[in-house]
Amino acid sequence: MRFLRHLAAVVLTVAIIVALGMLWAHASGGTGTGGGTGTGGGLKAAPSREVLQRLEQVKTGAIKIQSDDGFQANTGNLVRTCEIEAVLAAVVITVGSIRRRNRRMRRSAGVRA
Amino acid sequence: MTGPPVTVSRRRIMARTRLDFWLDALLLVAYTLAYSLGFTGIAVHEWLGIGLGVVLLVHLTLHWDWVIRTTRKLLLPGGRERFIWLVNLLLLVSMTLCIASGILISEVALPELGITLRASSFWRNVHDTTATVTLILVPIHAALRWRWIVGMARRFASWRPGRSR
């Protein structure tokens, strides 16, 4: 029961964020087709410039629609993501350790005084 | 003082802690994979993103008590919890917008379900920006709880079935 109550609160929070995003899109006029020309009611819109660019990237192999098998895909991409995460985490851990050590030293200096 | 009620309660706490730990690990791995579009390909990227959204809802629900408790204490002095709260709020907003915009610009997953939405450059930009912001915030979010993660990993490494710790 408690879990369901919390889940409802979470879903509501997420819905508010999404609604605010929609409002932002609406306010900036960004809900349209980003360059597409089709505006007729029953007509299909022409693909936007972004979609065409993406299709070109798919054709040239820059973006894969399906991995051949998980392990032969672009591992360099995954390694780069891991590196960024590791560096950022290391910075936060180092700063946290230094701050904790300084706090401890200050506290022990206060006790001695 | 180690009667049955205490053991049951400790076991329940341990089970919950274990669930938290493995769910967090799953989220971290899933996000890392989902961000690496070149590694997964677009189909896996999209389905992984949708799955990530569901697991994220569970993660938030399990920690909702912390959200309420820390939000109430925001006005009290003490900077660390406030900083963690701010990072978590930014992460919630960026990850929610990242997943929502990802669904709105879906090229494989949604069409497979028979849903086709009109492509929007706005949502594509939002998706790219929030994915980058999330990539910065995820390791910060994990690193701020580094001592808990190390403590739990050590505990699990020395855990033997049938032995209550």
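Modeller: Helices (H or I, at least four residues) and strands (E, at least two) are DSSP runs, numbered from the N terminus. On that basis, the elements of chain B run α-α-α-α-α-α-α-α from the N terminus on. This is a predicted model, in which local features need pLDDT of at least 70, side-chain atom pairs count only at pLDDT 80 or more, and totals for chains, interfaces and linings use all residues. Residues are numbered from 1 along each chain as its sequence is written, while chains are lettered from A and ligands numbered from 1 in the order in which they are written.

Colleague: How many helices and strands does chain B have?

Modeller: The C-alpha atoms of chain B fill a box of roughly 65 × 40 × 25 Å along the principal axes. The count for chain B is eight helices and zero strands.

Colleague: What is the mean pLDDT of chain B?

Modeller: pLDDT is the predictor's confidence in each residue, from 0 to 100. In chain B, 91% of the residues reach 70 or more. The mean pLDDT of chain B is 87.

Colleague: Where in chain A is confidence lowest?

Modeller: The mean pLDDT of chain A is 76, and 60% of its residues reach 70 or more. Among the elements, helix 1 of chain A is highest, at 93. Confidence is lowest, at a mean of 65, in helix 2 (residues 49-60) of chain A.

Colleague: How many contacts beyond four places in sequence does the model have for residues 68-72 of chain A?

Modeller: Two residues are in contact if their C-beta atoms, placed from the backbone, lie within 7 Å. Over residues 68-72 of chain A, pLDDT stays under 50.

Colleague: Is R147(B) buried or exposed?

Modeller: R147(B) lies in helix 8 (residues 146-157) of chain B. R147(B) has 12 other C-beta atoms within 10 Å, so it is exposed.

Colleague: At what angle do helix 1 of chain A and helix 3 of chain B pack?

Modeller: Axes are lines fitted to C-alpha atoms, for helices over the stretch in contact, and angles run from 0 to 180 degrees between N-to-C directions. F3(A), H6(A), L7(A), V10(A) and V11(A) meet L57(B), L60(B) and T61(B) here. The axes are 9 Å apart, and the angle is about 120°.

Colleague: Are helix 3 of chain A and helix 7 of chain B parallel or oblique to each other?

Modeller: Angles under 35 degrees count as roughly parallel, over 145 as roughly antiparallel, 65 to 115 as roughly perpendicular and the rest as oblique. The axes of helix 3 (residues 75-112) of chain A and helix 7 of chain B come within 8 Å and cross at roughly 45°. Helix 3 of chain A and helix 7 of chain B are therefore oblique.

Definitions and conventions: Buried ≥ 20, exposed ≤ 12 C-beta atoms within 10 Å, placed from the backbone.
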